[in-house]
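Trainee: I would like to learn how to read a model of this kind, feature by feature, and to keep track of the criterion behind each term.

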Amino acid sequence: MVRLAPLHDMDDTRRWIDAHTAHRGKTAFGLIHADHGLVGVVVLQIKGKAALFHYWIGKEFRNCGYGRLALRLLKRVAIRRGIQHLFSAVFPGNVYSLAALDAAGFRRLAGVSEDGEDALPFHYLSIPSARNADPDGMLAVLNRVLKAANGCRAVKRDA
């Protein structure tokens, strides 16, 4: 989902991060381990006080806690930048990512998914935590971010 090109060394990693950061409102982070090098990436597309993100953890590093670490770091970045809502679309079969999102306090935006063939469901986190976030209001915020990020949109479907 982050369209990660093959990254063979730290120079490739820096070029990839610089290319993604060059877009207005977009920030990319490499998750660098002292011994293993690049273990994953996070891409954050900011629109006002909301952001859409995707993250990827290398196959050999999955189920080792790096996804949870990435989400903790992402929340810190969001707080520092004044972001109030974080959104991400996740494949329903991606059990590692779903577990990491759940542990980080993300909730599924009930009945809302991408408008397209994949129709991936969205998960969100409001900062500070809003336990009873209005789904219709969250859908409107999500669509503003999606429009800025890539021109697509999310739709509410019957559950």
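This is a predicted model: local features need pLDDT of at least 70, side-chain atom pairs count only at pLDDT 80 or more; totals for chains, interfaces and linings use all residues.

Mentor: What follows goes from the overall fold to a helix pair, a salt bridge, and then some individual residues.

Trainee: What share of the residues in the chain is buried, and what share of the contacts joins residues at least 24 apart?

Mentor: Buried means under 20% relative accessible area, exposed means over 50%, and partly exposed lies in between, with a 1.4 Å probe and protein chains only. Buried residues account for 43% of the 159 residues in the chain. With contact meaning heavy atoms within 4.5 Å, 53% of the contacts between residues at least 6 apart in sequence join residues at least 24 apart.

Trainee: How should I read a pair of helices, and at what angle do H2 and H3 cross?

Mentor: Two packed helices are described by the angle between their axes and the distance between the axes. Axes are lines fitted to C-alpha atoms, for helices over the stretch in contact, and angles run from 0 to 180 degrees between N-to-C directions. Here the axes of helix H2 (residues 66-81) and helix H3 (residues 95-103) come within 9 Å and cross at roughly 40°. H2 and H3 are therefore oblique to each other, given that angles under 35 degrees count as roughly parallel, over 145 as roughly antiparallel, 65 to 115 as roughly perpendicular and the rest as oblique. The crossing of H2 and H3 is right-handed, a term used if the near helix is turned clockwise from the far one by less than a right angle, with anticlockwise giving left-handed.

Trainee: Which residues in H2 and H3 meet?

Mentor: From H2, Gly 67, Arg 68 and Leu 71 meet Ala 99, Ala 100, Leu 101 and Ala 103 of H3. By class, this contact of H2 with H3 has five nonpolar, one polar and one charged residues, where Ala, Val, Leu, Ile, Met, Phe, Trp, Tyr, Cys and Pro count as nonpolar, Asp, Glu, Lys and Arg as charged, and the others, Gly among them, as polar.

Trainee: Which side chains meet in a salt bridge?

Mentor: Side chains of opposite charge can pair when their charged atoms come close. A salt bridge is a side-chain nitrogen of Lys or Arg within 4 Å of a carboxyl oxygen of Asp or Glu, and by this rule the count is one. Arg 107 and Asp 102 form it through their side chains, at 3.6 Å from N to O, and Arg 107 is partly exposed, with a relative accessible area of 45%.

Trainee: What is the phi of Asn 63, and where does Asn 63 lie?

Mentor: Most residues other than glycine have a negative phi. Asn 63, although not a glycine, has a positive phi of about 60°; Asn 63 lies in the loop between strand E3 (50-57) and H2 and is exposed, at 60% relative accessible area.

Trainee: Is His 123 buried or exposed, and which residues does His 123 touch?

Mentor: His 123, in strand E6 (residues 121-126), is buried, with a relative accessible area of 9%. Not counting residues up to four places away in sequence, His 123 touches residues including Leu 86, Phe 87, Leu 98, Leu 101 and Arg 107.

How values were computed. Residues are numbered from 1 along each chain as its sequence is written. Side-chain values use heavy atoms; hydrogens and water are left out. Helices (H or I, at least four residues) and strands (E, at least two) are DSSP runs, numbered from the N terminus.
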